[in-house]
Amino acid sequence: MNNHSIDTEILVIGGGATGTGVARDLAMRGFKTVLVEKADLTHGTTGRYHGLLHSGGRYVVKDPQAAKECIEENRILRKIMPQCIEDTGGFFVLTPWDDPGYIPRFVEGCHKAGIPVESVPITQMLREEPLLNPKISHCYYVPDASADSFLGADLNADSARQHGAQILTYHKVIRLLTDKDQQAGDSPRRVTGALCHDLVKDEDVAIHADMVVNASGAWAGIIAGSASIPLTIISGKGTMVAMNHRIVNTVINRCKMPSDGDIIVPAHTVSVIGTTDVKISDPDHFAIEPWEVHLCLEEGDKLVPGFKDMRMLRAWAGVRPLYQESQVSDTRDVTRAFVLLDHERRDGVAGIVTITSGKWTTYRKMAEVTVDLVCQKLNTQRPCRTHLEPLPDASHGHHTLGGKLARIESDQAYGQLICECELATYADVTHAIVDRQARTIDDVRRDVRLGMGPCQGGFCTYRVAGILHRLASGQTDGSKPRVEETNVALRDFLQERWKGLLPVLWGQQLRQERLDELIYLDVLNADHLPGPLSSRLGPEMYAEPSGLEDKIGIGDLRVRLHPQIPDSGSLSPLPFREGGSGGIGPDILVIGGGLAGLVTAWQAARNGKKIRLVTKGWGTLHWGSGCVDVLGYFPMDNPDPLQSPAAGISKLVRDHPNHPYASVDIDQIETALEAFKAVSAQYGYPLHGDLDRNWLLPSALGTFRPTCLAPETMIAGDLRLSTPMLVVGFEQFNDFYPELIADNIACQGRSARGLTLDIPSLRQKRFVTGRVLASLFESTEFRQEFVSSLKSRLQGISRVGLPAVLGLNKSIEIKRELESQLGLPVFEIPSLSPSISGIRLHNLLVQEVERLGGRVYDGMQALSVGTQGRQVSAVYTEAAARMKPHQAQTYVLATGGLLGGGFQAEYIGRTRESVFDLPLNSPDDRSAWFQDRFLAVQGHPIFQAGPAFAGDFRPLDGEGQLVYENLFLVGGALGNCDPLRERSLEGIALATGYVVGNQISK
Ligand SMILES: Cc1cc2nc3c(=O)[nH]c(=O)nc-3n(C[C@H](O)[C@H](O)[C@H](O)COP(=O)(O)OP(=O)(O)OC[C@H]3O[C@@H](n4cnc5c(N)ncnc54)[C@H](O)[C@@H]3O)c2cc1C
């Protein structure tokens, strides 16, 4: 291990708001300054706070001194860093749960602290914030605001750098250096610097300084303790939950003594409710307890009725450092709101001061008093200027919600979005990686707010990994990046997002997470990337919850949080009706338009049945690879792909008698595959493969993806052959990264190169999506342009891989024409949705069903059902002015599992089938639903949930009796397996749809 040292005047420990503020102030006063942070800037509490620039209103009764500091700093920060602040204003509201006696104390406190306060009529409040509880009786306006702490710390660090400071991230202080290091003695008299470990280079760095500022927040006691300075910091954990959208545009505070879950802050595109306050023993190891999330939701519901049923994005927690002085000689120099400790006076150890506690709102003031003390210690007088000089780029004024969009419109960067949720562009990401030297994708997130929206990185994680690798590949020193480093960066970030999703995974967010699994497992095969599973720069997970849910009992929780939910009996949001009414219906009604539903309809129509298919939307064909995976891995945790799906299935059905494959013969699976191959060929889109061997095709990450049937457009990519391939992408297409794909393929022993083409006609396009490319490839001119850009670059190449965009309708012709012009086999590689190759399969099946006389209606969601005894008599969908009944002799449920919306999961741990309210066999306790790691090879138990069903695929009740005699389940609606981990999604859909479609036609 290499070691080196740095000499400086002042060493600042901690890259949060306080540390970066101190570094800026020191540098502006002319001190030679080095700041060290053990991870990225804002990795600590600053990056995990609530997002509120306090007016001080919250503290006027409890802590008037803190309130005064807040309003003073509020005014200063608005001037020096408006770009970090959205001037939302704040309401203090009195709900029916709050004590009206607090109001006069609040108003008087505001007056005393100098906080402007104004009464707002309830009608006006509701005009401005229509979702607020109309039972709110009083409302007051104060100058609260929403603030971006990531940007704030970055700008303070930038300003510090501009004044000569050095900012060293991923430098962890191992221990303070003291005079005891040079001479033996009982206890140190002076701190002389710190021994740090550079986590990126994996080497130690000794930093020698005249003075150390310990600005490490909740870790301040650990740092001080390394020089035997006793400092007790108690960590107070606070949990927050981000909701899916801007429920409110104003900061909403309850008008009462500060408590849990009483503030909603609009932050960029979302709203954040919080916080709790729980003492913990270790700032690095703590859990987000289920009760904390529930409490936030319950309290949110008092402010905004319906809040607890709204979609959540994630939960996170930060730690407040609570200073506890156990020494008699208390040398706290400033107010109770923050703590500045002069260790020379307090402990007899010179060369170090500690600044801790306080608030983000007061970080600048904390820095100012700290640097004043440093000046005093070093016998120099240098006035503070941080309250006078704005941070870099402050000239544009306050941040506004529409600001990012306006910039994208003026830059015409519509096609450059890498994160659609947060409007982060290619240029933003490149800037974060190159100029700001992001070390991890999480660093990029903090810089450009990427991966923080509804899909929590579902799409942008892949793209950023591709950009990271592309930029590393183009390094001027000619060094080749190790693809394993990109792979681990991708895995680390997926895990980082998973960490915050875990506490809120039910309802829509659980469905979203399953979609992310579809992308990363089924399409990208990311769980089989070469390289380590995690890196030392990866996220620390929250600890396991303590099981409080169990202690108070799920029943108690249900009653406490959802008094309207019955404790027993069936819960059905769908009105059941006795009997049904309506016109003459089809023989068979299929509910759900994914592969399973379409195959059922196709088979039944082929047998002469009158078919109607109703579907809310299209199924996973639009998202998947466009291949038919029958069984790729068995057992699921086997790292090696199955060579023969047939052999795997025979083992699987022995081990898992409830698996859907256990109810079909292998011959039936084979017949279904052959029939599907025949119908695809009939539509000019042949599929190839059989049950005896899986293809190994490249994924858009360069992993080897096992699949049973592949379209002709993909099979030349077969990785069982070793002929060299060129993987080609397009500069303007952000869903495909040839360098990453090729390097991963090469890393696994096959010969591959990547090439990104910059085709002139694509430069003119506002968007270059898969759909745009697919339609361009259907034009002769574009194909010619493509061929002429590529032709001269094929030396030493035997085949060419492209994103799966070779036309929607004429892909075989297009492929053959390209092959003849390039003189080489061409193949497609599926990537992010929309899946052009999947849509081709969808389209041909819909055409075939309709050709056979079946009717397919999309945009129709099954909302209620009619039953008569053990017969389903009707299914109702919503029409313009009424419920539309659909009556049939037989009903087929093909709504998919959690992914398709066919199953629902509630936060109290209950799961159910969505249309007929069939019970599902899933773990009762939500804590047993998931593994710790997103990509855990065993899969997450919740995704194996499903109803019990008979051998003929009719649902069974708890006693093993048929629930309905004329209802059948197919595809994902069967559950009882994890098709994404097994890579059996399309195989199960096809086989069960085929069998049921034929059976019900008899
Ligand atoms: C739940 C919660 C919500 C909050 N909400 C608000 C709010 O809405 N408004 C507001 O004004 N305030 C809020 N606060 C308070 C505010 O977040 C903090 O006061 C502020 O962020 C503290 O900043 P800091 O720089 O002192 O600490 P931190 O941000 O924790 O910075 C300390 C840094 O030291 C680093 N470090 C630790 N050990 C080492 C080591 N060995 N070597 C190198 N570096 C090390 C850490 O990684 C960390 O980045 C909230 C606090 C909590 C807990």
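Visitor: Where is Tyr170 found?
Guide: In this predicted model, Tyr170 is found in the loop that runs between strand E9, residues 166-168, and strand E10.

Visitor: And what about its phi?
Guide: The phi of Tyr170 is positive, at about 55°, although Tyr170 is not a glycine.

Visitor: Is Tyr170 buried or exposed, and why do you say that?
Guide: Tyr170 counts as buried because its relative accessible area is 4%, and the cut-off for that term is under 20%.

Visitor: Which loop holds Arg449?
Guide: Arg449 sits in the loop between helix H12, residues 441-448, and helix H13, residues 460-473. Arg449 is not a glycine either, yet has a positive phi of about 60°, and with a relative accessible area of 11% Arg449 is buried.

Visitor: Switching to the ligand, how many residues surround it?
Guide: There are 34 residues around the ligand, and the closest are Thr18, Glu37, Thr46, Leu52 and Thr361. By class, that shell is made up of 19 polar, ten nonpolar and five charged residues.

Visitor: Which helix and strands each supply at least two residues of that shell?
Guide: Helix H1 (17-28) does, and so do strand E10 (171-178), strand E13 (232-243) and strand E18 (312-324).

Visitor: What does the side chain of Thr46 do there?
Guide: One of the polar side-chain atoms of Thr46 lies 2.5 Å from an oxygen atom of the ligand. Thr45 brings a backbone N or O atom to 2.9 Å from a ligand oxygen atom, while a polar backbone atom of Lys38 is 3.1 Å from a nitrogen atom of the ligand.

Visitor: How much of the ligand's accessible area does the protein cover?
Guide: On its own the ligand has 1000 Å² of accessible area, and the protein covers 96% of that.

Visitor: What about the largest nonpolar core, which residues touch the most other members?
Guide: That core has 141 residues, and those touching the most other members are Leu450, Phe730, Phe786 and Leu790. Beyond residues up to four places away in sequence, Phe730 touches several residues, among them Leu757, Ile759, Phe777, Phe786 and Pro803. There is also a second, separate core of 76 residues, which includes Ile591, Tyr661, Ala862 and Ala894.

Visitor: Which peptide bonds are cis?
Guide: One of them runs from Gly274 to Thr275, with omega near -10°, and another joins Phe634 and Pro635, with omega about -15°. Thr275 is in the loop between strand E16 (270-274) and strand E17 (278-280), whereas Pro635 is in the loop between strand E25 (611-618) and helix H19 (645-655).

Notes: Residues numbered from 1 in each chain as written. Predicted model: local features only at pLDDT ≥ 70, side-chain atom pairs only at ≥ 80, totals over all residues. Heavy atoms only, no water. Near = heavy atom within 4 Å. Polar contact = N/O pair within 3.5 Å; in protein donor to acceptor, adjacent residues only side chain to side chain. Areas by Shrake-Rupley, 256 points an atom, 1.4 Å probe, with all protein chains shown as cover. Helix = DSSP H or I, 4+ residues; strand = E, 2+ residues; numbered from the N terminus. Nonpolar A, V, L, I, M, F, W, Y, C, P; charged D, E, K, R; others polar. Core = buried A, V, L, I, M, F, W, Y, C linked by side-chain atoms within 4.5 Å. Buried < 20%, exposed > 50% of the residue type's maximum accessible area, 1.4 Å probe, protein only. Contact = heavy atoms within 4.5 Å.
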